[in-house]
Each structure stands twice: as structure tokens, then as C-alpha cells.
Amino acid sequence: MALGQEKTKILGDFLKSRRERMKPAPADVVGRFGRRRTPGLRREEVAQLAGVSITWYTWLEQGRVTATSREVIESIGRALQLSPEEHHHLLHLANYGAEGNTIRHAEQLDPLLQSIIDQLHYPAIIANHRTEVLAFNRMASEIIADFDAVPAAQRVMARLIFMDPRLRGQLVNWKAFAEYTVGRMRSSYDQTVGDPWFEPFVREMCEKDEDFRTLWRLHHVQQKKVIHYTLDHPGAGRLHFQLISFAAINGDPNLHCCVFTPEPGTDTEQTLAHWPI
């Protein structure tokens, strides 16, 4: 499939997922379009709310529309009551966002970045838009996951969150963090059409983990934000972090540094201060 066709299909799939998520008012269960037999709104209802023809909107969901105006895309976004993150994602898919970024591979990482995170007394990793962990400090390997023991090809946070029994068992707010992780990956997957890495990775994860498969099919998207991370560590006890992402490391928008900073008002800061490193 050509890149343009693939992107229009992704756009259509995203619109369909947002339409099916919406809950019609009870009075609308039976209306001018007949009794409701499918979840969410009908295509006809979205078209009416957005002020476009039913045929055109159907083609848009089917990936048969190659270009449309920003005004129309904005109107459809309002009809679907998109969140700010979803609105940003929609604009990007319709080619009204930032252009796709080049991919930085692990071997291109500046060694200076490793020395910087090594100086931090908090767990820290450097990852790319695929959630591949390209660098990590000792504290991250001891507290978050044993990155040293994981082969480089499998050192992917989206994989570890679901497939590493130790991390999954210790992460107290696993569900919230898993939803955030899949939302971030879905955003990157949809917006980097043509990256040959994503398709086999997602296929493998969907085959091996039911929770990942369920979350992936929801088509939820997520922008970077500060997220809470609570861990029951066997040696340090309960640790409370705020995971803060610093994007565009070394000017590359695909690289970000993730620092697990202690949650204010907890004992985590004191625990890490006495951690032997």
C-alpha cells in the first residue's frame, strides 16, 4: 500500500473509532435513520453534525478521500467531540500538523547523553518515539527495570510494561501507565507512516498480550505529559515518582529524556538519597 493510501486509511480508522465511542442520547436510539443497531453515532449523524454529505464522510472513513480542507476537518473534529490530544492527532493525520520526523537509531545516540543521565541521582532513560530505550542510568536499571539483562532489541518500554513480569507486578498503577504507554505508541504509529519497525512490533504485542491488544484497538491517543508512577520495589519499598519527559533532545524531536523524579511529600527522595550507587 502506498504511503498516501496508508495514511488515509489510518485517518479513516481513527474517525471510525471516535464515532463508535460516542454515546447517543436515549431519545436518539430510534430516529430519522431508523433503529440503532451499532455502537456510537452513525456515519449519517456525524455527517449531519459536521455539515458534510453522507457519501463524502463515508468515503473519508473508508480511506477514499485523499485531501480535504482544514475547515472541514475541524468541523468533523467538533462533531466527534475530540479531546485536545485527539484534535491534534486528527490535524496531523490530515496533513495539517507537523511533518513526519526522521528516525534516529540507537547507534546514532550522542555518547554525551549517556554521561549526562549517569550524573543524575534519579532513574532516567533516553527513549525514542517507538519507546525504544537507547540509554539508561544505573538507578533506572536497579529501580525501574533490569535493562542490563534485556537484549537491546527488546529494550522497549511498551514491551516491558506488558511483558516484563517483574515490572508489571511491581507497578502499582499499572493500568493507568499501560493506557498512557499505548496511547503514546498509537500516536507515534499513526503519525510515522512508512516506519517498517512498527507493524511487526504491534502485531507481535497484540498476539502475545490480550491487554495490549484490547487497548490498541481502542485507538486512544496521548500526548506527552507528566504522569505518576508508583512502584513497590522489593528493596526500597513503595516509591512515588513523577515521570517527566524532556523532548527534542539534541534537537531531535524523536528523542526524549524521561526522568523519574520523586513525588513531593513522599519518602522517595530520602530513599533515593541513601541508595548505594
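Reply: Happy to. The axes of helix 2 (residues 43–50) and helix 3 (residues 54–61) come within 9 Å and cross at roughly 115°. That angle makes helix 2 roughly perpendicular to helix 3, since angles of 65 to 115 degrees count as roughly perpendicular, under 35 as roughly parallel, over 145 as roughly antiparallel and the rest as oblique. This is a predicted model, in which local features need pLDDT of at least 70, side-chain atom pairs count only at pLDDT 80 or more, and totals for chains, interfaces and linings use all residues. Residues are numbered from 1 along each chain as its sequence is written, and side-chain values use heavy atoms, with hydrogens and water left out.

Me: What makes helix 10 and helix 12 oblique to each other?

Reply: The axes of helix 10 and helix 12 (residues 210–217) cross at roughly 55° and come within 10 Å. Helix 10 and helix 12 are therefore oblique to each other. Axes here are lines fitted to C-alpha atoms, for helices over the stretch in contact, and angles run from 0 to 180 degrees between N-to-C directions.

Me: Which hand does the crossing of helix 10 and helix 12 have, left or right?

Reply: Helix 10 passes helix 12 in a right-handed crossing. In a right-handed crossing the near helix is turned clockwise from the far one by less than a right angle, and in a left-handed one anticlockwise.

Me: How many cavities of 30 Å³ or more does the search find, and what makes a space a cavity?

Reply: The search of the whole structure finds 1 cavity of 30 Å³ or more. On a 1 Å grid over the protein atoms alone, a cavity is a set of points where a 1.4 Å probe fits but cannot get out, while a pocket is an open set with protein on both sides within 12 Å along at least five of seven lines. The largest cavity holds about 260 Å³ of space, a volume being the space filled by probe spheres set on the points.

Me: What lines the largest cavity?

Reply: Its lining has 19 residues, with Thr131, Tyr180, Arg184, His256 and Cys258 nearest the centre; lining residues have an atom within 4 Å of a point. Helix 10 gives the most, with 5 residues.

Me: And which element gives the largest share to the second largest pocket?

Reply: That is helix 11, with 5 residues. The second largest pocket has a volume of about 240 Å³ and is lined by 15 residues.

Key. Helices (H or I, at least four residues) and strands (E, at least two) are DSSP runs, numbered from the N terminus.
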